[in-house]
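User: I am new to this structure and would like to learn how to read its features step by step. Could we begin with burial and then move on to the surroundings of the ligand?
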Amino acid sequence: MSIANPKVGFVSLGCPKALVDSERILTQLKVEGYDLVPSYDDADVVVVNTCGFIDSAVAESLDAIGEAMAENGKVIVTGCLGKREEVIREAHPGVLSISGPQDYASVMRAVHTALPPRHDPFVDLVPDHGLKLTPKHYAYLKISEGCNHRCSFCIIPSMRGDLASRPVDQVLREAEKLAMGGVKELLVISQDTSAYGVDLRYAEREWRGKAYQTRMKALCEGLSELGLWTRLHYVYPYPHVDDVIPLMAEGKLLPYLDIPFQHASPRILKLMKRPGAVDKTLERIQRWRDICPDITIRSTFIVGFPGETDAEFEALLDFLEEAQLDRVGAFAYSPVEGAAANDLPDAVPEEVKQERLARFMELQADISTAKLEAKVGTTQRCLVDAIDGDLAIARSMADAPEIDGLVQIQNGFEAGLKPGEFVDVEIMGSDEHDLYGEVAFGD
Ligand code: SF4
């Protein structure tokens, strides 16, 4: 008679960093012989990995816990919101256990208590590269935790602590395993990618017989040995970001930089506790484009920060017009419990914030549309994500998964494309977000 494996349900919320935590926990569960099931009904216990970054994420996490409690009743909570145990206990007193981000040991302890593992020497073997929640051909590579900055709108440092980098050889070995497991694109993530290694004093380690420093540029050089697409996210605008642009020009790193500028007014940047030399920022963007003309720059901004005047908002629009960034995300400022910015005077009224956000997005929509239109008639190297009827849904080097646009390949199915394949695409059309084209068959 065969005995069924214990069954765990898993709900993963939040940012790509939380997704990496979920992948680690899922891998461990599988190693220990737990089955992962997609419905509350089938699960013996449910793990909810929460997000606690902004108020709407807190509400979403609390809703997810509530749903799991109502549908299943045995719930283990982990992740960022776990740092605020009292908030969870107040809303859902019956949860079995609460732990913070990266606390894999606590999650596993709670699972063992609620649902002891079945002792079976023939448990499923996990592939060497672990289990991934993302499609097989791209993976997030977390290089550090925490952050040494203290941006006044952010509570991540109080939840995740100061920067703690993973030594470079460890990261490179993980990337190597992912490559062997079929991954074609690595998305390098952290809270602050450009600070990588400063806490380890840029310790030198060996990988494949060669010395590498634990430092952003050396990491990128190591990753380039794997021949994958490597994309950098969450790069804080330090001057030494300039060092990696030549690697992009040489084709060693995707010509893509996700660099949150947050604002353009020196006074508001100072209130945010962010670097504030805006004229230098525009110069630097120009320099990057001189070195690597194909670079895609993605950024995020906050409008309606406390004290933002009409003139400061206009300065932000001027910056946007001048910088001509490719991809931009923007948020109307919303107070996050525990953030220093909550104590700043002169909150901007909600309707003004929304009106500014709309104007900001309207301007950026025109910029993005024009930038994409300029690609019509070019050939773009793309990575196929999925086949949908006749279409192949792909991304160019300029598109990170989830947050940027897509390239719809009209004859993708006919051309026999498969997810995870690279293909050259002739671009024939565009809109505000996406590109449309056909497989380029060459001469
Ligand atoms: S750099 Fe990012 S994670 Fe660090 S404090 Fe600022 S916003 Fe938060």
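Analyst: Let us begin with one residue, keeping in mind that this is a predicted model. Q191 has a relative accessible area of 15%, and because buried means under 20%, Q191 counts as buried.

User: Where does Q191 lie, and which residues is Q191 in contact with, leaving aside its neighbours within four places in sequence?

Analyst: Q191 lies in the loop between strand 9 (185-189) and strand 10 (204-207). Leaving aside neighbours within four places in sequence, Q191 is in contact with K17, E145, G146, C147, I156, R160 and Y234. As for C147, it is 44 residues from Q191 in sequence, while their C-alpha atoms are 6.0 Å apart in space.

User: Which residues surround the ligand?

Analyst: The ligand is surrounded by C147, H149, C151, F153, C154, I156, P157, Q191, Y236 and R274. Sorted by class, this shell has 7 nonpolar, 2 polar and 1 charged residues.

User: Which residues does UniProt list for "binding site"?

Analyst: The unreviewed UniProt entry lists C15, C51 and C80 under that heading. They span 66 residues in sequence, yet no two of their C-alpha atoms are more than 10.3 Å apart, so they gather at one spot.

User: Is C80 buried or exposed?

Analyst: C80 is buried, with a relative accessible area of 8%, and is found in the loop between strand 4 (75-79) and helix 3 (85-91). Not counting residues up to four places away in sequence, C80 touches T50, C51, G52, P101, M159 and R160. C15, in the loop between strand 1 (7-12) and helix 1 (16-31), is partly exposed, with a relative accessible area of 28%.

Notes:
Residues numbered from 1 in each chain as written. Predicted model: local features only at pLDDT ≥ 70, side-chain atom pairs only at ≥ 80, totals over all residues. Heavy atoms only, no water. Near = heavy atom within 4 Å. Nonpolar A, V, L, I, M, F, W, Y, C, P; charged D, E, K, R; others polar. UniProt positions renumbered as here; feature names shortened; annotations may be inferred. Helix = DSSP H or I, 4+ residues; strand = E, 2+ residues; numbered from the N terminus. Buried < 20%, exposed > 50% of the residue type's maximum accessible area, 1.4 Å probe, protein only. Contact = heavy atoms within 4.5 Å.
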